[in-house]
Amino acid sequence: MANIFQRSSGRNWRLRQQSLALFEQWRQELEATGFEVTIQRGLWMLANSSNQFEKQQALAEKRKKENIKLEIVDPIQLNNFVNSGRLPELPQGVCGALWSEFDGQLDPKQWMQALLKSGENYGLQIIDGLVNQLKQDGGSWQVSWLGGSNDQNNEKYSENRKFDVILLCSGLASTELLKPLAEDISIAITLQPVIGQALELQLPTDINWQGSINWDGINLVPRPGGRLWLGATLEPAQTASEMGATKELQAMQHLKGAAPEWLKQAQVLRKWQGVRAQPLGRTAPILEQLLPGLMILAGHYRNGILLGPASAAWAAANIWK
C-alpha cells in the first residue's frame, strides 16, 4: 500500500514511494539475471461506512493533483464488477471502494529466495547462528554467535568475527543485544510485540477475481489454484502462547461477521502466526545510526516487506557516507 496510503507527506510516505519504485527496478534487474519474481498489481480498498468512502474520495482527488491515479468505485459499479466476475461477492456493508492499479502484492518467499541467491552471486555470505553479543573492538565490531555442530550430538559451538559495519535487523531481540552497549541506547529503543496471523484457504471453484482486497485492516490476496491468503495484524501485545487463538483466526476468516458465504465455507489449508515488533514512542520503522559503525533497521511493524527496499537503500547510503 503505497499510492493508496492515507498520508501525502512525511517519512513514511517517502519510504513507501521509494520502495514502490525500487521493487520495479529490482524486478527488472533480477529478471535480467535469470531470476523469476512477480508483482501482482491492483488493490481494492473497500469502505465499510459512508464516512470512510468520503475520505477515499478526498484521497483520490488529492492523488489526482499529484499525478497518481486512484479510481473511485461507487456501490453500483462494485455490484457490476461482482456480476461480471471481476470481483467476488463482497463483505456486508460495503459502501464503495478505491482501486489502485499500481499497488498490489508480491510473494515474499519467492522474492527473498531470489534476492539471497542474487546476493550470493555478488559475494554475500550467510552464517547460520544465534547472535548473543555485540561488542566494540577498537574501530570495529565483534559479533559473537552460537552455531550448530555437524556431529551426531548436534552441540552448539561459539564463534566470533570482527566487522566494520553492523546492521541490526533483529526485531524484538534488538533491545537485548543493545542493552550491554549503552544505557541511553537501550532506553531509547523500545519495541513491543503485536501478533499477526494469516490463513491460506482453498476457495470454491467458481470464486475468482482481479487484484487484492483490503477490508477493515484485513487483507485478501488471491493465489493460483483457487487459493487465498487472508491475513491481518489486529491483536494487541500478548503472550506467545496466545498466538493465533482459534477464535481470533475464525473471526478473521469471517471478517468480524461481515464475510460472504463463500469465504465462510473456504477450507483452511495452512495458518501462520508471528510477532511483529512495533516501536513505542515513535513511528515505524526505526532507521538510525546508533554508534559509529552500528545501525538499526527494526520495528517495521506491519510493513516489513513493503519498506524493505527503502530501508536497504537508507542503509547503503549511510554505509558509504
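A salt bridge is counted here when a side-chain nitrogen of Lys or Arg lies within 4 Å of a carboxyl oxygen of Asp or Glu. By that criterion the structure, which is a predicted model, holds 12 salt bridges. The points below take up some of these charged pairs and then turn to the nonpolar cores, a surface patch, and several individual residues.

**Salt bridges**

- Side chains of opposite charge can pair when their charged atoms come close.
- Glu-24 pairs with Arg-27 in a salt bridge whose closest N and O atoms are 2.4 Å apart, and both residues belong to helix α1 (residues 11–32), where they are 3 residues apart, or about one turn of the helix.
- Glu-24 is also the partner of Arg-41, and in this salt bridge the closest N and O atoms are 3.0 Å apart; the pair links distant parts of the chain, since Arg-41 is in strand β1 (residues 39–47) and Glu-24 in helix α1, 17 residues apart.
- Glu-24 is partly exposed, having a relative accessible area of 23%, and Arg-41 is likewise partly exposed, with a value of 32%.
- A network of salt bridges links Glu-24, Arg-27, Glu-31 and Arg-41.
- Arg-227 and Glu-200 meet through their side chains in another salt bridge, at 3.8 Å from N to O; because Arg-227 lies in strand β11 and Glu-200 in strand β8 (residues 191–202), the pair ties together parts that are 27 residues apart in sequence.
- Arg-227 counts as partly exposed, at 33% relative accessibility, whereas Glu-200, at 6% relative accessibility, counts as buried.

**Nonpolar cores**

- The largest nonpolar core has 30 residues, and of these Trp-44 and Trp-209 touch the most other members; strand β11 (residues 227–232) gives the most to this core, with 3 residues.
- Apart from this core lies another of 18 residues, which includes Leu-178, Ala-182, Ile-189 and Leu-290.
- If residues up to four places away in sequence are not counted, Trp-209 touches Gly-85, Arg-86, Leu-87, Pro-88, Leu-203, Leu-220, Pro-222, Leu-228 and Trp-262.

**Nonpolar surface patch**

**Helix α3 and its ends**

- At the start of helix α3 (residues 75–84), Asp-74 has a side-chain oxygen that reaches to within 3.1 Å of the backbone nitrogen of Ile-76.
- Gly-85 follows α3 and has a positive phi, near 90 degrees; Gly-85 is also among the residues that Trp-209 touches.

**Buried residues and their surroundings**

- Ser-186 lies in helix α6 (residues 183–188) and is buried, since its relative accessible area of 14% falls under the 20% cut-off.
- A polar atom of the Ser-186 side chain lies 3.0 Å from the backbone oxygen of Glu-183, and, not counting residues up to four places away in sequence, Ser-186 touches Leu-178 and Lys-179.
- Met-45 lies in strand β1 and counts as buried, at 14% relative accessibility.
- Leaving aside neighbours within four places in sequence, Met-45 is in contact with Met-1, Ile-4, Gln-56, Gly-96, Ala-97, Leu-98 and Asn-214.
- Met-45 and Asn-219 are 174 residues apart along the chain, and their C-alpha atoms are separated by 9.4 Å.
- Ile-68 is found in the loop between α2 (50–65) and β2 (71–73), and Ile-68 is buried, with a relative accessible area of 14%.
- The residues that Ile-68 touches, not counting those up to four places away in sequence, are Asn-3, Trp-13, Gln-17 and Arg-63.
- Ile-68 and Gly-171 are 103 residues apart in sequence, and from C-alpha to C-alpha they are 33 Å apart in space.

Definitions and conventions. Residues numbered from 1 in each chain as written. Predicted model: local features only at pLDDT ≥ 70, side-chain atom pairs only at ≥ 80, totals over all residues. Heavy atoms only, no water. Core = buried A, V, L, I, M, F, W, Y, C linked by side-chain atoms within 4.5 Å. Buried < 20%, exposed > 50% of the residue type's maximum accessible area, 1.4 Å probe, protein only. Helix = DSSP H or I, 4+ residues; strand = E, 2+ residues; numbered from the N terminus. Contact = heavy atoms within 4.5 Å. Polar contact = N/O pair within 3.5 Å; in protein donor to acceptor, adjacent residues only side chain to side chain.
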